[in-house]
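Open the model in your viewer and keep the selection tool ready.

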Amino acid sequence: MSMKRCNWWKLGWLAVLLVCMAASTQAAASSAVETRRSFEVADIERTRRVTVHIYIPTSVTRRSSILVVMHGNGRNAENYHKVWQPIASANGAILVTPEFSKDDWPRSRHYHQGNIQTVRNATKLRNVWSFTAMEKAVEIAAGVAGVSGKKFYLYGHSAGAQFVHRYVMVTGGGRLILAVAANAGWYSWPSETKAYPYGVAPIENHRWDWKTVFRTDLTILVGMNDNDPDAKSLRRSAKVMFQGKHRLARGTGFFPSARALADASGTAFHWRFATVPDVGHSNRDMAKAAARILFKR
């Protein structure tokens, strides 16, 4: 065989190998599972539906963790889901993005305040809370992916951050590995003289468990440029303006107030506070910093 024919033979096999490798890579990428499941919450007012967006990376094993992402008040769950898919893949986590639509969860009290009270402040049964619906979404995703789902990571941005920090404060967050509340518009202030959701005064048939709450690994995360006092969706009612003129100020003030309540309650305080430079009110830009906190990278 001539040298010229030998080189062509080698090149031919190299081309075949490259084609096979490309096909294998494409097959692996396509084997990542994207699915949606829906269920109803039997609310005492009405039946409310939740759609669960689930993404299962190819690297998932039976020991993989679940990452739950809570969308903002725009209820744009699919956008959040797309932003967080590469992060879930890089960390081998099952991504779960519950969708609380305006049709079924129209007001802030229904979604990011937990749906725990009626308009007359009576406490609802726990099985109708939006907090409980999120936990049910985790159970559905765990069944689809074949993992335990007993513990999970939790992230929320904007209204989703309101949901996250209230979920921790109301339930204790006992099932959480780590949680990040990013750029919340306002908070349930750690004041026992202000009624929920503005504060943490006693709630009918509910006990605040501060020892469990402050033991949870929760990070209050705020973008340094999220400092517009005239932001379109920022709540500016008299009941919240004492928290600060914008999201940066409110987050900065909320954290030491929470620490003060922990000290007054005689309990350990495991929460953390962090800022992200050069970032405003953007889930996409906050996601990178939040991922480093969640997965400790």
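The tour below goes from stop to stop, with something to select at each.

This is a predicted model, where local features need pLDDT of at least 70, side-chain atom pairs count only at pLDDT 80 or more, and totals for chains, interfaces and linings use all residues. Residues are numbered from 1 along each chain as its sequence is written, and side-chain values use heavy atoms, leaving out hydrogens and water.

**Stop one: the core**

Select Ile66, Leu154 and Trp271. These have the most contacts inside the largest nonpolar core, which has 61 residues. Such a core is a set of buried Ala, Val, Leu, Ile, Met, Phe, Trp, Tyr and Cys residues joined through side-chain atoms within 4.5 Å. Buried means under 20% relative accessible area (1.4 Å probe, protein chains only). Another core, of 27 residues, lies apart from it; Ala32, Leu95, Tyr153 and Tyr155 are among them.

**Stop two: Thr132**

Go to helix 3 (residues 130–145) and pick Thr132. Helices are DSSP runs (H or I, at least four residues), numbered from the N terminus. A polar side-chain atom of Thr132 lies 2.6 Å from the backbone oxygen of Arg126.

**Stop three: Arg250**

Move to helix 6 (residues 247–265) and select Arg250. Which side chain of opposite charge is nearest to Arg250? That is Asp226, 9.7 Å away. Arg250 is buried yet has no salt bridge (a side-chain nitrogen of Lys or Arg within 4 Å of a carboxyl oxygen of Asp or Glu). Show what Arg250 touches (heavy atoms within 4.5 Å), including Trp186, Tyr187, Trp189 and Met241.

Key:
Helix = DSSP H or I, 4+ residues; strand = E, 2+ residues; numbered from the N terminus. Buried < 20%, exposed > 50% of the residue type's maximum accessible area, 1.4 Å probe, protein only. Lys, Arg positive; Asp, Glu negative; His and termini not counted. Polar contact = N/O pair within 3.5 Å; in protein donor to acceptor, adjacent residues only side chain to side chain. Lists of a residue's contacts leave out its neighbours within four places in sequence.
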